[in-house]
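Keep the model open as you read.

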Amino acid sequence: MRMVLRYIKPHLPIMCLGLLVKFIGTITDLALPYILSHIIDNVVPTGSVRNVFIWGGMMFLCAIICVLGNIIANRMASKVARNFTCSLRHDLFAKIEHLSCNQTDSFTIPSLLSRLTSDTYHVHNMVGGMQRIGVRAPILLIGGIMVTLFLEPVLTLVLLGVLPLLALVVYFVTSKGVPLYTDVQTAVDGIVRKVQENMTGVRVIKALSKTDYERERFDEVNRDVVRRDKNAGMVMNITNPVMNLLLNTGLTAVVVLGAFRVNAGLTKPGKIIAFLSYFTIILNALMMVTRMFMMYSRGAASARRIQEVMDAGHELDIIDSPTVESDLHIEFDNITFSYNKKQPNLENLSFGLKKGQTLGIIGATGSGKSTIINLLMRFYDVDEGTIRIDGSDIRSIPHERLHSMFGVVFQNDFLAADTIAENIRFGRDIPDEDLHEAARAAQAEQFISEKEGGYDHILTVGGANLSGGQKQRLLISRALAGKPDILILDDSSSALDYKTDASLRAALREYTASTKVIVAQRVSSIKHADIIIVLDDGRVIGQGRHEELMKTCDSYREIAETQMGDGIE
Amino acid sequence: MNRGNFSAGAIRRAADVENRARLPRRYLLGRLWKYLAHFKWLMLLAFLLTVCSNLFSLVGPTLSGRAIDAIEPGVGAVDFKTVFYYAGLMLIFYIISSVMGYILSVVMLNLSRGVVYKMRRDVFEKLTSLPVDFFDKHQTGEIISIISYDIDTINASLSNDLLQIATSVITVGVSLFMMLQISPVLVLVFAVTIPISLLFTRYMTKKVRPLFRHRSLKLGELNGYAEEMISGLKTTKAYNREAVMIERFDKHNNEAVDAYFKADYYGSMTGPSINFINNISLAMISVFGSLLYLFGGLSLGSISSFVLYSRKFSGPINEFANIIAELQSAFAAAERVFRLIDQEPEPADATDAVELADVAGDVKFNSVSFGYDEGVTILHDLNFTADAGRLIAIVGPTGAGKTTIINLLMRFYDVNSGSVTVDGYDVRQVTRDSLRSAYTMVLQDTWLFHGTIFENIAYGKQGVTREQVEAAARAARIHGFIRRLPEGYDTLLSDNAVNISKGQKQLLTIARAMLIESKMLILDEATSNVDTQTERRIQSAMRNLMKGKTCFVIAHRLSTIRNADQILVMRDGRIIETGTHDSLIADKGFYASLYRSQFDSLPE
């Protein structure tokens, strides 16, 4: 809730003003019956028609003030809720964008997604709803108690004696409610995950005829959410009847005690009757307060989940590290790294690349090829050793500057449901000529021109209307379009036929200013690299040029020989 | 996943239609009612409980009235015995009413959550029965928005509003009756104000409903965008585009909160406005009542009870208006839910569809023409025969239509003309399940789900033992890797399993395929991200996998293609050459030039 308050703070003046307006509206609303009884009790018996109309006019006036006050206050409340949610969601999304890969992995994507959507929605409801009923209920409650206190102080004390018990109930229920609703939201993550999974895996699921199975699995998650939601509801629903019971018991006590007091001549029966009628108002006000607490519990649970993300520490901090004099563009100095900090995924890796040189990485599946890229781009920090770019430890380079050096294609990179041009541009400020040049170099121009609308052709979700090779060429265009200092291609030409692949390589050679890091399965893709690293299970088993490795590295030679004459589209 | 081309314009157009056409309210009510009707006993129970607790709320004051009557005589004369008697009764009544109140809330909880459960299940079941192209056209986030936000909205109004409507009707009826008894003339005041209320509510619903539809739509778009962006987080970081993506998110976010605000802006007007009309009637009643007293002989007591009843009368009407306003958001949400549920599923199997059994695996394409969109033909008059047990390789430049053939084999799509047959049966005459389970399919884009490695490998076949899974993993050369994981086969694959490379994922899906018994096999670039050495090591296992099966293979690597019984060389949706590797090389055609090109590129 700390966080909610922080976000409400800027809107506090408007909110207070809104509450004041609401206050006026409520007071006039409550004044209406009072005027009415005044007319009946005092005005009518005098027989003055004029006065009847005057007081009737007063009622009319009050009604107008009431409706205006309430509408204006409601709108102000909506505005506050709107602005509140807008900035909260903005900050949450910005925070998510800046989470480290490690943190994203541990929160998981479906959970982040449901926090961004479902949880912000519940907090929004809380902020909006509390403002709306947050005025009337306390006014009625306090007003009611004041009036009864004035009417019969001793009897009111009996009623007030019940209040601590009520507070206890509310405390108990909310303290139970928040964790229970947290449970519900956690289960909602499961629903999000299941839908996401099924939408991406639809072909596999259909091919394996696992539809029924998936339905069952969804059913489990669905049941789980409903069960937890019911659990939370069961606890929350205790509040109302228990409060009712406590208050009504108090009321009964008032009647009995009143009987004694009347008998002793301390009060009059009429007062007790009036007391009872005000009591109904108090009861209704308390019901509203209960509803507020229910809203609060749900909202607080969601707020807590949002806060978890917001509070996630800043990982991958920028550290001070002296820049060393170096003629190397990229240098890996004795790097060791492990994802789970148990078994190393890379061990004692060292290499140096001059500006414009090419590094080729080859090795068995799971040998750590992509890990090198994750480390170079500082998605993860090395456990030991130092990675330097132009002599600076990458941990000392601000993220923005670091990442602006790269053009990269990941293995399962993503395409958005947007135009081809935008997918290449990717939100950067790149002139059309550069865009076209990149597409040409990536051998993508031809197929783009064949699409309806060319560069303005809109891709379907995930680029589903492109073939695998077309997707890869588009992604390579994206990487080249920024004329990056460092070009990284992570096994990103696997779906290209050899002819296209060869033309691509020839085109890449024109990018002399870019230092290239190329992960590949095909020897032909990296054969001309200045340095080739052969990895096996996180260890370097060969390093050097193609010709050297052919002589010194058995595995490399084996790979090369088996691939000769292998491959065709 | 490859899927051939279709025009994006078509998608936009479809989306537009979706936004425009609105479902009539009566229809929506009917649909909602169907969900509620499943719980008619719960509803009846809830209704009875509400009526009872309403009656009880009337009894309470009567009892306290009796007690006070006993107090009435005043000092020294209070009839304590009676006071205690009624006080005791009051306590008992309050206890009963509280218990009933709790039961009622539990009943309502079960009712509303029951509806939510059913609705979510229906949405998901529809989702699983939709044709694959639906998923190429709809963003995951939007669907998530429907299954969470929209259904939640329906739930919120169902659980609160329904009962209130029921009880309001009762109170309104009784109060009206009582008022008519007291003074029919004064009731005329309502003859003016109630039509105004009704007209106003009508006006408001007309005004507010499109706003609520807009709100649901915008929230869906926001979710769609958010899902896409969060899934592509790494790329955003790599290109340093966080700021731009946040900016775009802001645009969606602003639209969503604005839509929300607008709906609220007008929606929150209804309550106070109706309340205003009620207050006006109250003022009118006071004035006219007073005049009636002065000139018409209405007693003061009658005015006061009339006023009391009129409060009782207008209260529910006030509530009613609020509920109507709130229901608009439920209608808007229901519209999106039902629209999804109403999506055309994959056409049902023909009534006389044959269950494929003991498949031999003879596949035939007879003059097949196909396009994803009308007017755009992807495959032109395709003819080929794949006899049982043969290995068919499909080669050609990207975009030639290779994956489209697979889409037709699996009947993800139906041909436009011509036919595809398996064992002589037209695939349209065969049940989808039996057709699809006759194939094993391994795609380039791996799909693993949130579950253990064991579950993922065992996914394709029921009742697989640990040993079988391990054997498959060993054959796919992934066993060693799995063993080295801290929890081995019980390791949970989370959504973004970073330390599993794409190649390893492909090996896992190959292991999955190895457990499936089928007569036909489809490999679409199944090992594209596996290094060549590992690929060689799994070759014998792959050969085992392919043995005795009709195989359709799309691959770049020659090792498999060279052994193919038949190579289909495709270009622009046509088969331009067929034959074995040797015969095609001898023909010196397109295939031969493709083949030569790799040697051109290799040595240099």
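A residue counts as buried if 20 or more other C-beta atoms lie within 10 Å of its own, as exposed if 12 or fewer do, and as partly exposed in between. The model is predicted.

Q: Is Asp423(B) buried, exposed or partly exposed?
A: Asp423(B) sits in the loop between strand 4 (417–422) and strand 5 (425–426) of chain B. Its phi is positive, near 50 degrees, and Asp423(B) is a residue other than glycine. The count is 18 C-beta neighbours inside 10 Å, so Asp423(B) is partly exposed.

Q: Is Asn334(A) buried or exposed?
A: Asn334(A) belongs to strand 1 (residues 330–337) of chain A. Its phi is positive, about 55 degrees, although Asn334(A) is not a glycine. With 12 other C-beta atoms within 10 Å, Asn334(A) is exposed.

Q: How far apart in space are Gly315(B) and Asn278(B), C-alpha to C-alpha?
A: Gly315(B) lies in helix 11 (residues 300–341) of chain B. Gly315(B) is partly exposed, with 16 other C-beta atoms within 10 Å. Asn278(B) is 37 residues away from Gly315(B) in sequence, and their C-alpha distance is 8.3 Å.

Q: Which helix of chain A gives the most to the side that touches chain B?
A: The contact takes 152 residues from chain A and 156 residues from chain B. On the chain A side, these residues divide into 69 nonpolar, 55 polar and 28 charged. The top contributor there, with 24 residues, is helix 3 of chain A.

Q: Are helix 3 of chain A and helix 9 of chain B roughly parallel or roughly antiparallel?
A: The axes of helix 3 (residues 49–97) of chain A and helix 9 (residues 242–267) of chain B come within 9 Å. They cross at roughly 160 degrees. Angles over 145 count as roughly antiparallel. Helix 3 of chain A and helix 9 of chain B are therefore roughly antiparallel.

Q: How many charged residues are in the contact of helix 3 of chain A with helix 9 of chain B?
A: Helix 3 of chain A brings residues including Arg75(A), Lys79(A), Arg82(A) and Glu97(A). Helix 9 of chain B brings others, among them Glu242(B), Asp250(B) and Asp264(B). The contact of helix 3 of chain A with helix 9 of chain B has 10 nonpolar and 5 polar residues, and the charged ones number 8.

Q: Is the crossing of helix 6 of chain A and helix 10 of chain A left-handed or right-handed?
A: Helix 6 (residues 153–200) and helix 10 (residues 269–310) of chain A have axes 8 Å apart, at an angle of about 25 degrees. Helix 6 and helix 10 of chain A are therefore roughly parallel. Their crossing is right-handed.

Q: Why do the buried residues of helix 15 of chain B line one face?
A: In helix 15 (residues 466–475) of chain B, Val469(B), Ala472(B), Ala473(B) and Ala475(B) are buried. Seen down the axis of helix 15 of chain B, these buried residues line one face because they fall within an arc of 160 degrees.

Q: Which residues are exposed on the other side of helix 15 of chain B?
A: The buried residues of helix 15 of chain B are covered by elements including helix 14 (453–458) and helix 17 (502–514) of chain B. On the other side of helix 15 of chain B, the exposed residues are Arg466(B) and Glu467(B).

Key. Residues are numbered from 1 along each chain as its sequence is written. Chains are lettered from A and ligands numbered from 1 in the order in which they are written. This is a predicted model: local features need pLDDT of at least 70, side-chain atom pairs count only at pLDDT 80 or more; totals for chains, interfaces and linings use all residues. Axes are lines fitted to C-alpha atoms, for helices over the stretch in contact, and angles run from 0 to 180 degrees between N-to-C directions. Helices (H or I, at least four residues) and strands (E, at least two) are DSSP runs, numbered from the N terminus. Angles under 35 degrees count as roughly parallel, over 145 as roughly antiparallel, 65 to 115 as roughly perpendicular and the rest as oblique. Two residues are in contact if their C-beta atoms, placed from the backbone, lie within 7 Å. Ala, Val, Leu, Ile, Met, Phe, Trp, Tyr, Cys and Pro count as nonpolar, Asp, Glu, Lys and Arg as charged, and the others, Gly among them, as polar. The arc is that of the directions from the helix axis to the C-beta atoms. A crossing is left-handed if the near helix is turned anticlockwise from the far one by less than a right angle, and right-handed if clockwise.
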